[in-house]
Amino acid sequence: MRKHHLRYLACPGCKGDLTLAAVEQGDAESIQSGLLVCERCPAEYRIVNHIPRFVPLENYASGFGYEWTMHARTQYDSYSGRNISEQRFFKETQWPRDLAGRSILEVGSGSGRFTEQAASTGAMVVSVDYSYAVEANYASNGAKPNVLIVQGDVYSLPVRKNSFDYLFCFGMLQHTPDVKKAFMELPKYLKKGGRLAVDVYIKTTSLKRFLPSYYWARPLTKHVQPDRLYKIVRRYVTIMWPLAKLINKLPKGRMINRMLLIADYRGRFDLGEEMLKEWAILDTFDGLSPAYDNPQTLETMQQWFQEAGLSQCEVHFGFNGIEGRGIR
Ligand SMILES: C[S@@+](CC[C@H](N)C(=O)[O-])C[C@H]1O[C@@H](n2cnc3c(N)ncnc32)[C@H](O)[C@@H]1O
């Protein structure tokens, strides 16, 4: 982290200002290891590998840490050569492409494919994730002068309240133990007039919910050590891949592959064969490993946007299931 980025941070417990008490390695422009202390309470937080850590390095989201270490670049546009993440970021947020002079808070950044997009606007981007996926994000985006990456928890974010112009949270809410509580935390960090964009998986209420899916296997697979589960998934997808290619050609082929626990993006994203397989391994693991996976209905999300006091709310089916925008 850079010393002058301290002004975006706050003690996650008491929201007091933080001071840089020690730099063990690095200098003010690039602090590799050091110590932050709260000016209001006795709390201390370490900077490890350039990243301020406000939560234990290992926690319930460690499966995601493993996932994004193994697939640190898989979904980056600058790796795939496609504009999949760019399209989703700008369509889902509906924010301008030039946000120089503004600030963006990202919650649940994973490997940082959307951090890359947010940073491209020229805004100052503070990017938070609970897992050690922050290391993968730092490797890709940490050197950018307008990016600060921190390891923190949505339930007690280590940033100042009422201080961001924009906030987005993609692919994260359903992976928290209390989705409503996590959602309700977000608007507090926006300035009045600040814009929120989130998405969440859909809770299926139709007969589809009786079809085989990740949700059948997850109660077992979420207990398997991430490295072991990953090996199993990689082997399974590799063995099934030629068959999945044939199944994809059948009517409802993608749905059948999903029932066979193969995340099949053929026909959806214009990716080469090897990349499609890489995405399949990533997303099959992503479906089977999370400690929490709590999808929501459209009605619930619409209600939460109202309860949060947001205005100009637009909540509808969209990217990742349900997407929602509102203004504080
Ligand atoms: C499916 S990934 C999405 C990553 C990224 N937004 C994307 O769409 O590529 C969900 C992320 O949410 C993070 N997460 C889960 N619980 C969290 C919490 N309590 N606070 C912050 N991040 C959390 C996980 O560590 C994980 O990286």
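Predicted model: local features only at pLDDT ≥ 70, side-chain atom pairs only at ≥ 80, totals over all residues.

**Layout**

I started with the distance between domain centres: domain 1 and domain 3 sit 41 Å apart, taken over C-alpha atoms. The chain splits into domain 1 (1-49), domain 2 (54-202 + 305-327) and domain 3 (207-288), with bounds from an automatic or database domain assignment.

Numbering runs from 1 along each chain as its sequence is written, and side-chain values use heavy atoms, with hydrogens and water left out.

**Ligand site**

How many residues surround the ligand? I got 21, and the closest are Tyr-60, Gly-108, Asp-129, Asp-153 and Phe-170; to be near, a residue needs a heavy atom within 4 Å. By class, I noted nine nonpolar, eight polar and four charged residues in this shell. Here Ala, Val, Leu, Ile, Met, Phe, Trp, Tyr, Cys and Pro are nonpolar, Asp, Glu, Lys and Arg are charged, and the others, Gly among them, are polar.

Next I looked up polar contacts (pairs of N or O atoms within 3.5 Å). The side chain of Trp-68 puts an N or O atom 3.5 Å from a ligand oxygen. A ligand nitrogen is 2.7 Å from a backbone N or O atom of Gly-108, and a polar backbone atom of Phe-170 is 2.7 Å from a ligand nitrogen. On its own the ligand has 600 Å² of accessible area, and the protein covers 97% of that (Shrake-Rupley, 1.4 Å probe). The elements giving two or more residues to the shell are α1 (62-70) and α4 (113-119); helices are DSSP runs of H or I with at least four residues, and strands are E runs of at least two.

**Helix α11**

Which residues of α11 (298-307) are buried? I found Leu-298, Met-301, Trp-304 and Phe-305, buried being under 20% relative accessible area and exposed over 50%.

**Positive phi**

Most residues other than glycine have a negative phi, so I checked the exceptions. Lys-252 has a positive phi of about 60°; this lysine is in the loop between α8 (226-248) and α9 (253-259) and is exposed at 61%. Gln-312, in strand β10 (311-318), has a positive phi of about 50° and is exposed at 62%.

Conventions. Polar contact = N/O pair within 3.5 Å; in protein donor to acceptor, adjacent residues only side chain to side chain. Buried < 20%, exposed > 50% of the residue type's maximum accessible area, 1.4 Å probe, protein only.
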